[in-house]
Amino acid sequence: MMTFPARRARRTTVSAAAVVLVAVGLSVLSGCKGGPSGAGAAAPASSPAAAASAAPVAGAFEPEQALAEAEKTPYAASIKGVTEAAGQELSTMTGRSNLGTLFTGRAEIRSTGLWMETVTTADANYVRNRTQDGSGWVKAPRSPDNEANYADYAKLLLAAGPSAKKGMETRGGVPAYHLAGHLALDQVASIDPRTHRSMKAKGVTGFDIDQWIDSQGRTVRFEQRMEMRGVQAVNKVDFSEFGPVETFAAPQG
């Protein structure tokens, strides 16, 4: 039987959803002050996102206590995010941001045919389209809802009950507690309004989350899975190189 028409249809479906998914991915990746985005139950433990260490992990801690620590000390972190759809990588985002406080930072976003840079300061957002030669920085007012808190995502997962607590693992050589579960979209309206608004407009009603936090309540890995317009999508974010809060000034030129 000829399979090429089906393949073309699948590519068309993925392409049609790509722009939407990249937008949602960037909403999740670039607007969080965290401490550090389907239907059904929590992500299964056998999935790649939920693969646990077989051996006991040294430095075990309770996630509730760690999250309480996260609220005490803001910090800066390097961030790498990837948005995928139907197993295909759509976009990547790399940058550094202040977390656990007013979100500020810088980022570079790349996808097919797109290369953008952003800088968020305390009072404005700057964007430069590197895809276009000679494109300069465009200043825009800071969005009042450009805030989210990854620690609050973790608290929502814990509120679901013991099933969210997957136990200690090691992420990047660091002891981390793995949380996982399913959140209805309306549950995140108060903690991540921009993502809520963006996903709701695209018909998303909920998503599965896997989240790993360290002993100071800082998110070291965040994975979010959903179905959007018939396409399975995932956002994956890694946080590293934690340090004191930094100053991000308006770009020059």
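**Basis of the description**

The model is predicted, so local features need pLDDT of at least 70 and side-chain atom pairs count only at pLDDT 80 or more, whereas totals for chains, interfaces and linings use all residues. Residues are numbered from 1 along each chain as its sequence is written, and side-chain values use heavy atoms, with hydrogens and water left out.

**Overall content**

The protein chain contains four helices and eleven strands; these elements are DSSP runs numbered from the N terminus, with helices (H or I) of at least four residues and strands (E) of at least two. Of its 253 residues, 47% count as buried, where buried means under 20% relative accessible area, exposed over 50%, and partly exposed in between (1.4 Å probe, protein chains only). The accessible surface of the protein chain is about 12,100 Å², and 55% of that belongs to carbon and sulfur atoms. Such areas come from the Shrake-Rupley method with a 1.4 Å probe; for residues, only the protein chains shown count as cover.

Two strands are taken to pair if DSSP finds at least two bridges between them. Strand β2 (residues 88-99) pairs with strand β3 (residues 104-111) in the antiparallel sense through eight bridges, and Ser91 lies opposite Ser111 of β3. Four residues separate the strands of this hairpin, where Gly100 has a positive phi near 75 degrees. On to strand β4 (residues 114-120), β3 makes seven bridges, again in an antiparallel arrangement; Gly105 has Thr120 of β4 as its bridge partner. The β3 and β4 hairpin has two residues between its strands, and Gly113 in the turn shows a positive phi of about 75 degrees.

| Strand pair | Sense | Bridges | Partner residues |
|---|---|---|---|
| β7 and β8 | antiparallel | six bridges | Met168 and Tyr177 |
| β9 and β10 | antiparallel | six bridges | Gln211 and Phe222 |

In the hairpin of β7 and β8, two residues lie between the strands and Gly172 adopts a positive phi near 60 degrees. The hairpin of β9 and β10 has five residues between the strands, with Gly217 at a positive phi near 75 degrees.

Strand β9 (residues 206-213) is largely enclosed by the rest of the structure, because eight of its eight residues are buried. In a regular strand the side chains alternate between the two faces of the sheet. Both faces of β9 are covered: one side carries the buried Gly206, Asp208, Asp210 and Trp212, and the other carries the buried Phe207, Ile209, Gln211 and Ile213.

**Glu169**

Glu169 belongs to strand β7 (residues 165-171). Glu169 is buried but has no salt bridge, and Arg171, the nearest side chain of opposite charge, is 4.9 Å away. A salt bridge requires a side-chain nitrogen of Lys or Arg within 4 Å of a carboxyl oxygen of Asp or Glu; Lys and Arg count as positive and Asp and Glu as negative, while His and the chain ends are not counted.

The side chain of Glu169 does make a polar contact of 2.7 Å with the side chain of His178. Another polar contact, of 3.0 Å, links the side chains of Glu169 and Trp212. A polar contact is a pair of N or O atoms within 3.5 Å; within protein, one must be able to donate a hydrogen and the other to accept it, and residues adjacent in sequence count only if both atoms are side-chain atoms.
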